Amino acid sequence: MLNAAKLYDGSNIMLGSFADRSGGIVDPSHGKESLMDSKQTPFHDVGIEAGAEMQELFGYWLPWQYERGHVEEHLATRNGVSICDLDYMAEFKIVGPAALQFAQELLTNDFSSLRVGRVRYTAMCNLEGNMVDDGTLWRLADNEYVLITGSESDFDWVSGQASAFDVEVSNITSTWTTLAVQGPVIEALVGPGVVDSLPYYGFVRASVAGSECILARMGYTGEFGYEFHIAPDGAEALWNGLLDKGKSKDILPCGQAALESLRQEAGYLLVGNDHDPTTNPFEAGIGRVVSFGKPAFNGREALAAIRKSGVNRTMVWMRLDGTEVVNTGDPILVDGVTIGQVTSGSYSPTQRRGVAMGYVEPTHAVAGIGVDIGLPGAEVPATISVMPLYDPGDVRTRQR
């Protein structure tokens with residue numbers, strides 16, 4: 001395991017342990033021990049050429065950082081522009097006359113008003129109201145949708161739920177890859193016309209850097225950005241084309257270390273860390289995606305009861321006083337009494353300090369109160385926030 005008590009000194013990559021797709025803990029510092037079934041993404045070779053330090057995460061060889069390192073990659077996303085390999089996301093196509101009906105019952109959000117060319121964030125729950133995963137539903141055509149989640153293992157759940165509906169569900173993860181382009185200096189890559197016309201959580205079919213793709217206005221960093229969804233055989237051309245077009249803006253490839261610190265600053269959830277099959281959407285801070293206005297969906301009765309009775313814990317964000325990095329599972333303390341635990345921790349180049357996400361008892365979810373986070377042989381002071389630490393109103397992601 002990483003030494004959680006070690007200070008971030010700028011020369012090393014320090015993040016709290018984060019979970020793999022099966023819910024186990026991956027130690028990024030030990031990624032050189034080969035996993036026989038780990039996959040290479042379509043961006044693997046061009047990533048190596050860009051100086052990627054590959055680690056085994058989520059069942060894939062993924063770039064942990066590139067030549068310029070975690071801090072510069074993080075700050076390039078906040079202040080300029082970066083590209084990031086997101087091939088490991090899972091994609092499932094839902095097609096058929098009952099596609100909308102199936103999505104309505106499978107997922108917690110309401111998609112009755114979702115237009116072709118738009119995307120909507122949602123949770124996916126079991127009958128107990130606990131989360132199988134979160135994700136986004138994309139409407140490609142009248143009876144054709146794509147569900148994107150954080151884990152390919154979700155396919156068993158999705159396909160199993162489809163048996164009672166007139167739909168065909170297919171796992172298209174291996175035929176669909178994703179490259180994110182994030183940051184305020186982005187017009188040079190996609191053109192001002194696209195920037196001005198494409199709405200947040202909207203997508204179009206486009207040709208970018210000579211590659212045909214689905215271009216979506218969204219991201220996982222808390223910055224204005226896009227995701228390029230493309231067939232794997234066009235991945236390297238897209239990567240090279242975007243890097244070439246972005247040279248004048250000092251575009252940087254962004255690895256998983258920077259993506260972790262970016263998404264934690266922005267308060268975005270990671271499956272296996274910030275939610276798992278014991279977590280409901282209300283305690284995870286995404287109750288807004290539970291739509292009781294529709295008559296039926298998985299977990300509706302249980303979630304209605306939770307909404308009425310209240311939650312036993314709630315998600316908060318924490319600023320550490322120093323540059324220590326805390327780990328998943330570290331206790332959150334008040335006067336030596338445990339009130340919760342950390343789910344994600346990292347060093348934040350934007351905040352220049354350690355940051356963390358975690359669950360605490362609702363009575364302690366108060367902005368500005370001081371807590372301690374327990375580390376081996378030490379307690380680190382931190383301050384609670386009830387909102388994400390970076391752009392809590394999502395102004396930057398929705399700008400233009």
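Which residue's side chain meets that of Asp274 in a salt bridge? In this predicted model, the partner is Arg263, and the two side chains meet at 2.6 Å, N to O. Asp274 lies in the loop between α8 and α9 (300-309), whereas Arg263 belongs to helix α8, so the pair ties together parts that are 11 residues apart in sequence. Both Asp274 and Arg263 are buried. Arg263 also meets the side chain of Glu260 in a salt bridge of 3.0 Å, N to O, and these two residues, 3 residues apart in helix α8 (residues 256-266), are separated by about one helical turn. An α-helix has 3.6 residues a turn, so residues three or four places apart point the same way. Glu260 counts as buried because its relative accessibility is 4%, below the 20% limit for that class.

A search of the whole structure finds 11 salt bridges. Among them is the pair formed by Glu72 and Arg68, at 2.6 Å, N to O; here Glu72 is partly exposed, with a relative accessible area of 37%, and Arg68 is likewise partly exposed, at 39%.

With regard to the strands, 6 of them form an open sheet of mixed pairing, in the order β13-β14-β15-β12-β6-β16. β13 (203-208) and β16 (252-253) stand at the edges with a single partner strand each, so one side of each is left without a neighbour in the sheet. Within this order, β14 (residues 211-216) and β15 (residues 225-230) pair in the antiparallel sense over 3 bridges, and the bridge partner of Ile214 in β15 is His229. Helix α7 (residues 235-245) lies across β6, β12, β13, β14, β15 and β16, running at about 10 degrees to β12.

Definitions and conventions: Residues numbered from 1 in each chain as written. Predicted model: local features only at pLDDT ≥ 70, side-chain atom pairs only at ≥ 80, totals over all residues. Heavy atoms only, no water. Pairing = 2+ DSSP bridges. Helix = DSSP H or I, 4+ residues; strand = E, 2+ residues; numbered from the N terminus. Contact = heavy atoms within 4.5 Å. Axes fitted to C-alpha atoms, helices over the stretch in contact; angles between N-to-C directions. Salt bridge = Lys/Arg side-chain N within 4 Å of Asp/Glu carboxyl O. Buried < 20%, exposed > 50% of the residue type's maximum accessible area, 1.4 Å probe, protein only.
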